[in-house]
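Subject: Structure for you to look at

Hello,

Here is the structure I said I would pass on. Please open it first, then read the notes below it.

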Amino acid sequence: MNMVENCEQNQQKEENMPQSLTHPIPLLTPYQLGPFTLSHRVVLAPLTRQRSYDCMPQPHAIVYYAQRASPGGLLITEATGISPTAQGYPHTPGIWSKEQVEAWKPIVNAVHEKGAVFFCQIWHTGRDSHVDYQPDRQSPVSSTSKKMSGQTLLPNGKDLVEFSPPRALTTNEIPQIVDHFCIAARNARAAGFDGVEIHGAYGLIDQFLKDSINDRTDCYGGTLENRCRFALEVVEAVANEIEADRVGIRLSPFRGHLGFGDSNPEALGLHMAEALNRYKILYAHYIEPRMVTVLESFPMEKSLLPMRKAFKGSFLVAGGYDREDGNAAIESGKADLVVYGRLFLANPDLPKRFELNAPLNKYNRETFYIPDPVIGYTDYPFL
């Protein structure tokens, strides 16, 4: 075979290879996330899985998270309670006790052995709870005493009941909740996590942020600045506790949890993005607004772009992205990293499938929250 024929053959081979293997797609390009070198930009979303019996992380979570870990990938845990008062859903994990820290360690080790970066999402459910979850059946705490609409499952995971009426935290009690976030962050580092993501998209922090919920008259209510005060106090305290470049926050200004939203989500999202710069945290993780109907016949597209431009750290986006959308978000500069939930749940090798543009497994909603340690959890097939 002469040199020309050899070159032609090699060129033909290259043309027949998937495009991403010769020219990496935007989602599969490296990214420097503060002190962490990522090999791709496909992030595992925090997904409540309800398989942590008695608030304890279980051995089957070792398999679940390790399946979704890849060299240079970023994983975020399911929402993890900061204290006994933070719980509101069946079989969700915590990180307030020494026993929980020890239970998380082998899970973290398994992810690190795969070469991935692992963040623990820490949260407090606030009024999204029931007295059966609370110590001594006390009322759940919140920014307000207004009751949550809808129903929730009891700790047995079977019985549906209405949410319990909450009790509004007093001004003097709020520093204790901030301290609980700090303890949870410290415990996460003790368990080996690389950092924490503060869950501000739903739960207690969101209940302070949204003006349809927050009806306080103290320094934590009323004005936009006052409603954001609690969230920013948590961010500042956690950043001081474990270092700012190991802290992220998840926010959802446009989403109204069970119908409770904000009258001016753009202003809320932008104010938080600008205010977060003071603390130099690693990233802000925003949930997409999608379509919001202003008038019945006039839908208007809302955008995270102003928040993206305002925030100086890394910017993560989530909300129904597929391969094409994710590539477009990275290529256009709309985001630094794209967070995937249901697709990553059903496809533990999602970055590889994106690389090869391979078919995706379909997710099964009916097995999202069942307590089974395998079905709908670790039984989705790899390529």
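Helices and strands here are DSSP runs, a helix having at least four residues and a strand at least two, and they are numbered from the N terminus. With that numbering, glycine 126 lies in the loop between β6 and β7 (141–142). Please keep in mind throughout that this is a predicted model.

Glycine 126

Is glycine 126 buried or exposed? Its relative accessible area is 0%, and buried means under 20%, so glycine 126 counts as buried. Leaving out residues up to four places away in sequence, glycine 126 touches Pro140, Val141, Leu204 and Gln207. Tryptophan 96 is 30 residues away from glycine 126 along the chain, and the C-alpha atoms of the two are separated by 16 Å.

Confidence

The protein chain has an average pLDDT of 92, and 90% of the residues score at least 70. Strand β4 (residues 74–76) has the highest confidence, at 99, while helix α1 (residues 3–16) has the lowest, at a mean of 41. The pLDDT is below 50 over residues 1–21, a stretch with 13 contacts in the model beyond near neighbours in sequence. Residues 291–300 also stay under 50, with eight contacts beyond four places in sequence. Where pLDDT is low, the predicted coordinates should not be read in detail.

Core

The largest nonpolar core has 103 residues, and Phe230 and Met272 touch the most other members. Helix α7 (residues 224–242) supplies the largest share of this core, ten residues.

The volume of the largest pocket is about 1,200 Å³. Its lining is made of 38 residues, and Pro46, Leu47, Tyr202, Arg250 and Tyr369 lie nearest the centre. Two or more lining residues come from each of β6 (117–123), β8 (151–153), β17 (337–340) and α11 (342–346). By type, the lining of the largest pocket divides into 22 nonpolar, ten polar and six charged residues.

The second largest pocket holds about 150 Å³ of space. Which element gives the most to the lining of the second largest pocket? That is helix α5 (residues 174–190), with three residues. The lining residues include Thr85, Gln134, Arg167, Glu173 and His180. Val141, listed above as a contact of glycine 126, is also one of the residues lining the second largest pocket. This lining divides into three nonpolar, six polar and two charged residues.

Regards

Terms used:
Residues are numbered from 1 along each chain as its sequence is written. This is a predicted model: local features need pLDDT of at least 70, side-chain atom pairs count only at pLDDT 80 or more; totals for chains, interfaces and linings use all residues. Side-chain values use heavy atoms; hydrogens and water are left out. On a 1 Å grid over the protein atoms alone, a cavity is a set of points where a 1.4 Å probe fits but cannot get out, and a pocket is an open set with protein on both sides within 12 Å along at least five of seven lines; lining residues have an atom within 4 Å of a point. Grid points are joined across faces, edges and corners, and a volume is the space filled by probe spheres set on the points. Ala, Val, Leu, Ile, Met, Phe, Trp, Tyr, Cys and Pro count as nonpolar, Asp, Glu, Lys and Arg as charged, and the others, Gly among them, as polar. pLDDT is the predictor's confidence in each residue, from 0 to 100. Contact means heavy atoms within 4.5 Å. A nonpolar core is a set of buried Ala, Val, Leu, Ile, Met, Phe, Trp, Tyr and Cys residues joined through side-chain atoms within 4.5 Å. Buried means under 20% relative accessible area, exposed over 50%, partly exposed in between (1.4 Å probe, protein chains only).
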